[in-house]
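Please read the points below alongside the sequence and the model.

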Amino acid sequence: MTSPADPAPWRPVAEDDALDGLRAALAEAGCGFEPRGGYEDHCWILHAIHDGPVRLRWDEVLSRAGRSLEAWPGTLSYLVFEDVPGTEHLEGPDPAELDRASLARLVEHLIRGGPRGADTPCGSAQAGAATPLGGSTVARRGRLGDALAHHDAGPDFHFPATWWAADGGWLVLTDLDLSATEVFGDAALIAGILADPELDAVRRPTIAETFAG
């Protein structure tokens, strides 16, 4: 049961909740937690870009400058589109926030891919950079099927930067400095996301791999 002061369906957890073994790592990850292993595969969902009512894929925009995302060496931030003509008239991509339509599609994939479907227990945590100075990690728990309702309730600075299945089946990261969302999970989940025509999803190195390279 939610209260008027906090209408979100994902409920706050106590500070001694171990967050499925992730609390220490989450506290150290200022912009969101990226795992360094433990999952079969991963991919990126690129945040939406619109030209009026028309959604454009990132490579469509980059092609205006004769470029492609494949050739970009860095992380997936606004810097990808520097010096691309006409981008000042486009809407997006938003930093730190997956657009609602893409979030809805991602949740559908996560529901289909897990044995408990919409009832999959989830944990979530705001990034340290979005936490008030001196505050502790803002963490919550709830059902996967309530993810969109949590998004719409908008209780925090952004939809949680890091959220995951409590059983360790998958993890989603929207780094506060980037304009794309990273999904970690099994091979079938990632293949389904990459094949979804409603998502602009790509294979790219992880954040750690990009900086190491």
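Where is the place of aspartate 41?

1. The model under review is predicted. Aspartate 41 lies in strand 2, which covers residues 41-46.

2. The relative accessibility of aspartate 41 is 18%, and the residue therefore counts as buried, the limit being under 20%. Leaving aside residues up to four places away in sequence, aspartate 41 touches Val183, Phe184, Gly185, Asp186, Ala187, Ile190 and Arg203.

3. A second topic is the aromatic residues. Six aromatic pairs are found when the whole structure is searched. In one of them, the ring centres of tryptophan 10 and phenylalanine 159 are 5.8 Å apart with the planes at 45°, so this pair is classed as tilted.

4. That pair joins distant parts of the chain, its two residues being 149 residues apart. Tryptophan 10 belongs to the segment before strand 1 (11-12), whereas phenylalanine 159 sits in the loop between helix 4 (147-153) and strand 7 (162-165). Tryptophan 10 and phenylalanine 159 are both buried.

5. Tryptophan 163 and tryptophan 170 make up an edge-to-face aromatic pair, with 5.5 Å from centre to centre and 80° between the planes. Are these two residues buried or exposed? Tryptophan 163 has a relative accessibility of 1% and so counts as buried. Tryptophan 170 is likewise buried, its relative accessible area being 6%.

6. The two pairs should be read together. Trp10, Phe159, Trp163 and Trp170 form one aromatic cluster.

Technical notes: Residues are numbered from 1 along each chain as its sequence is written. This is a predicted model: local features need pLDDT of at least 70, side-chain atom pairs count only at pLDDT 80 or more; totals for chains, interfaces and linings use all residues. Side-chain values use heavy atoms; hydrogens and water are left out. Rings of Phe, Tyr and Trp (its six-membered ring) pair if their centres lie within 6.5 Å; planes under 30 degrees apart count as stacked, over 60 as edge-to-face and the rest as tilted. Helices (H or I, at least four residues) and strands (E, at least two) are DSSP runs, numbered from the N terminus. Buried means under 20% relative accessible area, exposed over 50%, partly exposed in between (1.4 Å probe, protein chains only). Contact means heavy atoms within 4.5 Å.
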